[in-house]
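Here is a short briefing on one structure.

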Amino acid sequence: MTRTGLLLCTAAALFGGAAAAQPLEDQARATAGGEAEVETITVTASRIQVQGYEAPTPVTVVDSAALQRDARPDVGDVLRELPAFGPSSGPSNSVRSTYVTDGSAGLNLVSLRNLGSRRTLVLFNGQRVVESNLSLGGVDLSTIPSTLIERMDVVTGGASAAWGSNAVAGVVNIVLDTDFEGFKANLQASNNWDREREQYQAEISVGKSFLDGRAHVILSGSIEESPDTYFNNLIDNFSHTRLLENPAFAAGNGQPRYITRDGAGPLLATPGGIITAGPLRGTYFVGPSATPLQFNYGNTSRGSWTWGGTPNYGLSHSDFGVIANPTDSQNLFGYASYDITDNLKASVQLNYGRFHTVGNSWTASHNGSLTIRIDNPFLPASVVQRMQQAGVTTFQLGTSLTGDVSGNGGSIEAERDMLGMPIVDLERELSRGVFALDGKMQLFGSDWTWNAYYQKGRAKSYSDVLNNPQTANIRNAVDAVLVTAENVGTSGLPIGSIACRSTLTNPTNGCAPLDVFGTGKDVSAAAHYINIAARTGQAWMRDRLEMETVAASTSGQLPFGLPAGNISAAFGAEYRKESGRIIAAESGKQNLFYVTGNFKDFDGSYNTKEAFAEFNIPLLQDQVVESFDLDLAARYTDYSVSGSVWTYKVGLLSQVNDFLRLRGTYSRDIRAPSLFEMFNKGQLIGTSAVDPRTGQQVSTFAVTQGNINLTPEIAKTTTVGAILTPTFVPGLRVSVDWWRVKIDDVITTASQTTIINQCIAGEQAFCDNLVFDGPNGALSRILLQPVNAALQVNEGIDFAADYTQPLFSGDLSLRFVGSYMYEDTQDFLGVKFNAAGGIGWDQRRGGFPKFRGTTSATYSEDRWSLTTQARIVGKAVLNKEWGPQDVDDNSVPRVIYLDLRGSFNVTDNIQLYGAVDNVLNKNPPIVTSTTGNAWYAPFNDSLHDVFGRVVRVGARLQY
């Protein structure tokens with residue numbers, strides 16, 4: 001490698017961060033004499049360890065210097081910022097913030113190519129980590145120790161032949177510095193400009209060698225805390241924006257079907273209750289005295305929303321929908337190694353991670369579903385009189401059951417004491433131990449390395465749902481009566497008291513009557529009954545996933561080869577056993593809860609046996625081209641449940657001349673069905689749907705269950721790329737890679753809408769997924785079961801350019817990296833849909849902006865460094881299938897965020913640093929929707945900044 005190339009790689013690694021990732025195969029270190037000495041390194045895209053090996057599969061590297069420069073407390077945010085990654089769940093976004101049903105709130109996952117966390121394999125020091133969640137899969141990065149990260153390798157191509165299942169979109173390998181010697185610590189604090197999103201982090205690491213260097217011990221720990229809940233209404237441009245059905249729309253009249261309006265509020269639920277139908281429709285109740293007023297429907301849409309009328313949205317759930325929950329996490333890491341001989345080292349690695357979060361759920365609203373009788377003693381007398389005049393004895397009431405939300409400050413702690421506001425208290429733990437042997441040996445007349453290890457990993461989570469309303473108890477509590485001589489019977493209730501109607505015939509049922517009219521009332525007794533405050537009656541779930549692994553591999557050079565050089569090889573075998581178990585509360589198993597928390601037990605396991613081989617074959621050396629290598633890899637995998645499968649890779653890499661390097665791969669990769677997809681016995685979630693027998697909207701349950709007959713997904717991945725290092729522009733390098741991933745037998749689950757529509761269309765296979773209460777009964781269950789039934793194709797281009805040169809007394813480094821994904825197509829039931837470029841919630845499948853990029857400029861001298869960075873999120877649309885006849889504005893504008901980073905070395909041992917994200921304090925673009933619940937926020941915070949300007953400062957100490 002030339003001195004210029006070395007400088008380029010080093011500068012990119014030190015200062016590029018998300019924008020300065022570089023191919024790992026180009027890493028080298030300079031000797032004192034100025035020549036480049038190529039290290040023996042492990043390339044995550046390959047299992048071959050040899051000097052100077054260069055992999056044909058693109059590998060992006062984010063090293064420790066880049067992580068320190070960006071100073072983000074969450075390494076998941078660093079990865080999600082790379083253009084190759086699609087949206088995914090994190091503790092600082094709302095992707096899973098309100099999920100109570102599956103223990104996934106705040107999961108810190110990554111998704112390469114927008115293909116999902118299950119198709120992105122996460123490794124820790126080249127070893128698999130037990131998944132953190134049964135339903136979603138993936139590894140929760142919040143429970144992985146990050147203090148000693150040496151680098152993070154991102155393989156942006158299929159790698160199942162090297163690493164096995166799930167490496168369809170690629171691999172993220174978090175590599176720790178297990179040679180660390182000394183002491184280092186880091187303290188950091190951050191907040192957004194409005195002081196609404198505090199975060200604190202502390203890290204410490206100690207490494208020591210002894211016994212003449214043969215033994216080495218490392219201890220490391222970190223804590224992170226984000227104590228604030230970040231609600232929708234904290235975003236500066238939050239205006240209750242929604243796409244509403246246009247009252248003026250008629251087919252062919254030139255008016256769009258949907259129009260964008262601020263100040264949208266729900267018609268069917270208010271905090272103090274609203275009558276939703278009949279002659280008293282629009283009567284709503286305000287304040288402690290439940291004053292009945294007439295709701296001003298304003299510019300009513302044809303749906304269930306209004307704008308320009310009574311501003312009931314100001315007290316609705318939408319203000320306090322959660323963008324980011326309060327979180328805290330702790331990580332501990334220990335490592336010990338001993339050189340038994342000069343050629344044999346034993347090591348033990350132990351790590352423990354804990355993540356905790358508290359969040360609310362959007363599931364408590366009753367949109368016109370509560371029946372109120374005329375004899376309800378809480379009804380204002382004027383309303384009773386109007387009912388008598390109208391000749392009605394009941395009406396339907398819609399209420400959010402939250403009371404005066406605006407009066408409690410909007411904190412999660414305050415919401416714990418509110419009626420009808422389910423709160424999830426979730427804790428996840430990861431514990432993991434690895435015993436490894438690493439050795440060197442002479443084989444076939446050359447040096448070979450080998451590794452063998454045993455790993456045991458366990459991920460546990462504890463989900464407690466507090467304030468969780470029980471369906472029967474709500475109905476009992478709402479149906480209140482005045483106890484009279486005529487109805488008291490044998491109940492023994494005091495005459496003139498207010499009681500539940502059910503208590504008249506069942507005096508010991510514990511029911512406390514609920515006054516649902518108005519706000520600001522003491523409903524603690526009813527809340528205790530409805531929510532069953534005792535812990536034994538709450539919805540809770542304990543889940544545990546375990547993985548045991550025994551693996552061995554070796555690599556080196558074979559004793560034969562071609563004129564261009566010897567053949568390098570790697571061989572290995574692996575055995576894994578994975579299991580999962582859920583223990584749930586009896587109340588959830590009996591489906592007692594309204595919508596959420598009906599957890600079910602789970603038990604499943606399978607084992608995997610694998611063997612692989614890889615060969616690097618030099619075909620040409622200084623003939624026609626400088627070098628031309630062929631890489632071949634194959635892996636045989638046998639799953640105890642879903643059968644056996646082959647994966648393979650063919651790669652070509654050619655250094656044509658000093659100016660041009662070409663590379664390309666073709667691979668067959670797999671994703672095996674997960675434990676949850678196969679063994680799930682059924683998770684119930686309350687929902688509403690159209691009964692195909694009657695055509696009426698009804699309340700029902702969606703039941704997600706497994707399918708033991710699933711087989712692995714099969715992916716074919718192709719990459720072709722070029723790296724240009726023009727000699728006429730010293731310090732410049734440009735790379736371009738085209739890629740395509742095609743996945744057959746995609747495991748997918750039809751939505752409840754698809755199942756019902758296909759049943760109505762006469763498809764009996766879908767009708768079989770509908771359960772009715774008897775031959776003439778109502779729809780009671782919709783069975784959602786995964787099947788191998790879809791085809792997925794993702795395709796795009798990655799490109800990068802960097803330029804580094806000395807300037808004044810320091811160095812200037814410029815860097816650009818981007819990704820353009822023009823196809824994200826799924827074909828399911830013969831319907832093809834390309835989601836690329838569409839990011840709205842109405843789109844039939846979640847998409848991604850076609851373009852994302854990051855550009856940066858860094859100037860550094862001996863003691864200080866300053867970086868300016870621009871993050872580009874390309875323009876998009878709400879829905880790829882919409883045109884002017886569908887919506888008044890389908891566009892989502894391009895956004896460019898400006899960031900600053902800087903550091904100053906006070907001494908050789910102390911560094912002060914700072915970073916500012918979104919310096920210009922740009923608001924996120926509106927990404928509104930026709931769907932969503934009352935918690936809905938019109939933003940896509942998995943793509944755009946919602947916290948505004950964020951400032952981080954910290955200090956590092958190292959000896």
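**A four-stranded mixed sheet**

An open sheet is built from 4 strands, ordered S38-S39-S43-S42, with mixed pairing. Its edges are strand S38 (683-690) and strand S42 (770-772), each of which pairs on one side only. From one strand to the next, the twist averages 30°. The model is predicted.

**Pairing and packing in the sheet**

- Strands of a sheet pair through backbone hydrogen bonds, in either a parallel or an antiparallel sense.
- S38 pairs with strand S39 (residues 697-704) in the antiparallel sense, over 8 bridges.
- Within this pairing, Gly-686 has Phe-701 in S39 as its bridge partner.
- Helix H12 (residues 752-760) lies across S38, S39, S42 and strand S43 (779-784).
- The helix H12 runs at about 110° to S43.

- Most residues other than glycine have a negative phi.
- Ala-71 is not a glycine, yet its phi is positive, at about 55°.
- Ala-71 sits in the loop between helix H2 (64-70) and helix H3 (75-80).
- Is Ala-71 buried or exposed? Its relative accessibility is 3%, so Ala-71 counts as buried; the cut-off for buried is under 20%.
- Asp-212, also a residue other than glycine, has a positive phi near 60°.
- The loop that holds Asp-212 lies between strand S12 (199-210) and strand S13 (215-226).
- Is Asp-212 buried or exposed? Asp-212 counts as exposed because its relative accessibility is 82%, and exposed means over 50%.

**Confidence along the chain**

- The protein chain has an average pLDDT of 87.
- A score of at least 70 is reached by 90% of the residues.
- Where is confidence lowest in the protein chain? Strand S2 (residues 29-30) is lowest, with a mean of 27.
- Confidence is highest in strand S51 (residues 895-905), at 98.
- The pLDDT is below 50 over residues 1-41. In the model, this stretch has 106 contacts beyond near neighbours in sequence.
- Residues 404-409 also have a pLDDT below 50. This stretch has 11 contacts in the model beyond near neighbours in sequence.

Notes: Residues are numbered from 1 along each chain as its sequence is written. This is a predicted model: local features need pLDDT of at least 70, side-chain atom pairs count only at pLDDT 80 or more; totals for chains, interfaces and linings use all residues. Side-chain values use heavy atoms; hydrogens and water are left out. Helices (H or I, at least four residues) and strands (E, at least two) are DSSP runs, numbered from the N terminus. Buried means under 20% relative accessible area, exposed over 50%, partly exposed in between (1.4 Å probe, protein chains only). Two strands pair if DSSP finds at least two bridges between them. Axes are lines fitted to C-alpha atoms, for helices over the stretch in contact, and angles run from 0 to 180 degrees between N-to-C directions. Contact means heavy atoms within 4.5 Å. pLDDT is the predictor's confidence in each residue, from 0 to 100.
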